[in-house]
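These are my notebook entries on a single protein chain. I record what I looked up, topic by topic.

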Amino acid sequence: MSTDLASATDPDVVLVGGGVMSATLASLLGVVAPEWSVTVFESAAEVAGESSDAWNNAGTGHAALCELNYTPAGPDGRVDTTKARAINEQFQVSRQFWSHLVRTGLTGSPKDFITPVPHVSFVTGEQGRTYMRNRHAALSAEPLFTGLEYTDDPAELASWVPLVMDGRDPQQVVAATRSVAGTDVNFGALTRLLLAQGEARGVQVHTHQRVTDLDRLPDGRWKVTVTDKRTGEDRTLRTRFVFVGAGGGALPLLQKAAIPEIRGFGGFPVSGKFLRTRSPELVTRHQAKVYGQAAVGAPPMSVPHLDLRLVDGEYSLLFGPYAGWSPKFLKAGSVFDLPLSVKPNNLGSMLGVGRTELALTKYLVTEVLASRSAKHRTLQAFVPLAEQGDWEMITAGQRVQVIKADPKTGRGVLQFGTELIVGSDGSIAGLLGASPGASTAVSAMLTLVERCFPDRVAARRAALEEAIPSYGRDLSRDPALLAAVREETTRTLELNG
């Protein structure tokens, strides 16, 4: 890893940001275009310091095993599994690609970045139990969710999640599902491993270097202006392709590139906070990730969850999220990020969201003004016997939610998810948004490669299928392939326990 920009030459590909998206794309380019030169620019002193950092996210390997917002119920009570199926399929693709990298020399043990952790969904009340029964029935019919367990027996739940059940009113109706196929992922460690493997095959990674401008040249290439954050010196490079994977910093750079595809897009920054405990007694008694339901009218980002984490060899528990607010688009960003992102072409979208997302506004105001005691009461609704002294508040990463114009109404809408922006000629792309983000990074970057480099995909299809055996196929409709993929990735990634 280099901090010296003088060693950088005009590469075939520039990746802006040293997070999991850029690291994943660098690895995929090693499959479809191994002869191309690739340069990564990261503004911080180390890669994976923003949203990819282990403490800046909950580490859930998002496979829709426990996240209830991916399985909405209709007015008739029927549960729609469409989104859950798609997200699980995407996570299977990630597992296959990570397994390929482990087989081909990703250094260290897979347990450095992924470990098995049961995923549990938990609800209370008669309405919640009815929903959970319907959800279990709907998901159990899907091959991707084979093995999903259901219970509404408090005694059995006490064996699954003792901290959640201890001290709970025995008359309260409870219900849950559990999948032992769940995982905890350290995306910071994964990012560093991916980029280290990239450097071994020639990828240039430069830290302390902020990309400050992108200009289209007459020959179709991009002029990339890079500022050394230690010296203030500027340098320009030219490249055939740019990927802006800078998390919250992606929107301003895509706006500077002035591509038509970014018109109308805005961003709404939300910071996340978690309560964390490293108490060995508490950690030992909670060996799962447990997701509940958001309060009525609250946004998906407010879903409470209690997560077992393994970071740098140490177990801990995280509970949250508690939302905060800052106009910064990155933790290390500027308070001017939000106001400077407002342009004539996205002003309507931004103002529209202000009118339509009153529930989000109310939620954020309530969260920001909540006292530490109020935050602890929220924890106690999930962990009844939790003691305030066992938990510390930590600030997680900044998330910039996507704002875009509704094609039907023209009004601005807030989108909870990710959005891939690709220039019409395929010479530039960027990723906006947040969860499930990192868990589905391989699928997102595969889509980018297909749209930007279709000739390379055609020429290297055999290599892609070797790296991702289900590439181009639907695992939910191919039980034999699904079983083979699960067996291989479980073994290679050491997920048997």
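**Entry 1: strand pairing**

I began with a pair of facing residues: T225 stands opposite T236, the latter in β11. The model I am reading is a predicted one. Strand β10 (residues 222-228) and strand β11 (residues 234-239) run antiparallel and are joined by six bridges. I noted that the two strands make a hairpin with five residues between them, and that G232 in the turn has a positive phi of about 80°. In a regular strand, side chains alternate between the two faces of the sheet.

**Entry 2: backbone angles**

I then looked up backbone torsions. The peptide bond from G320 to P321 is cis, with omega near 0°. I located P321 in strand β16, which covers residues 314-324.

Which residues other than glycine did I list with a positive phi? H208 is one of them, with phi near 60°, and D312 is another, with phi near 55°. H208 sits in the loop between β8 (204-206) and β9 (209-216). D312 belongs to the loop between β15 (305-311) and β16. I checked the accessibility of D312 as well: at 69% relative accessibility it counts as exposed, because the cut-off for that class is over 50%.

**Entry 3: helix α2**

I compared the length of helix α2 (residues 82-103) with expectation. Its 22 residues should span 32 Å at 1.5 Å a residue, and the end C-alpha atoms are 32 Å apart, so the two agree. Of these 22 residues, 16 are buried, and α2 is therefore largely enclosed by the rest of the structure. G105 follows α2 and has a positive phi, near 115°.

**Entry 4: cysteines**

How many disulfides did I find? The count comes to zero. C66 is buried at a relative accessible area of 0%, and C452 is buried at 11%.

**Entry 5: salt bridges**

Side chains of opposite charge can pair when their charged atoms come close. I recorded 24 salt bridges in the structure.

One of them joins E35 to R456, with the closest N and O atoms 3.2 Å apart. This pair links distant parts of the chain: E35 lies in the loop between α1 (20-32) and β2 (38-41), R456 lies in helix α14 (residues 454-459), and 421 residues separate them. R456 has a relative accessible area of 17% and is buried, because the cut-off is under 20%.

I next noted the salt bridge between D152 and R133, at 3.0 Å from N to O. D152 is in the loop between β5 (149-151) and α4 (154-160), while R133 is in helix α3 (residues 125-140), 19 residues apart. Both partners are partly exposed: D152 has a relative accessible area of 24%, and R133 has 40%. I also found that E126, R129, R133 and D152 are linked in a network of salt bridges.

A further entry is the salt bridge of R473 with D478, at 2.8 Å from N to O. R473 is partly exposed, with a relative accessible area of 47%.

**Entry 6: a nonpolar surface patch**

Which residues form the nonpolar patch on the surface that I looked up? They are W325, V365, V368 and L369, which together have about 420 Å² of accessible area. I placed V368 in helix α11 (residues 358-369). V368 counts as partly exposed at 47% relative accessibility.

Terms used: Residues are numbered from 1 along each chain as its sequence is written. This is a predicted model: local features need pLDDT of at least 70, side-chain atom pairs count only at pLDDT 80 or more; totals for chains, interfaces and linings use all residues. Side-chain values use heavy atoms; hydrogens and water are left out. A disulfide is a pair of cysteine sulfur atoms within 2.5 Å. Buried means under 20% relative accessible area, exposed over 50%, partly exposed in between (1.4 Å probe, protein chains only). Helices (H or I, at least four residues) and strands (E, at least two) are DSSP runs, numbered from the N terminus. The expected span of a helix is 1.5 Å times one less than its number of residues. Two strands pair if DSSP finds at least two bridges between them. Patches are made of residues with over 30% relative accessible area and no salt bridge: like charges are joined within 9 Å, nonpolar side chains (Val, Leu, Ile, Met, Phe, Trp, Tyr) within 5 Å. Accessible areas come from the Shrake-Rupley method with a 1.4 Å probe; for residues, only the protein chains shown count as cover. A salt bridge is a side-chain nitrogen of Lys or Arg within 4 Å of a carboxyl oxygen of Asp or Glu.
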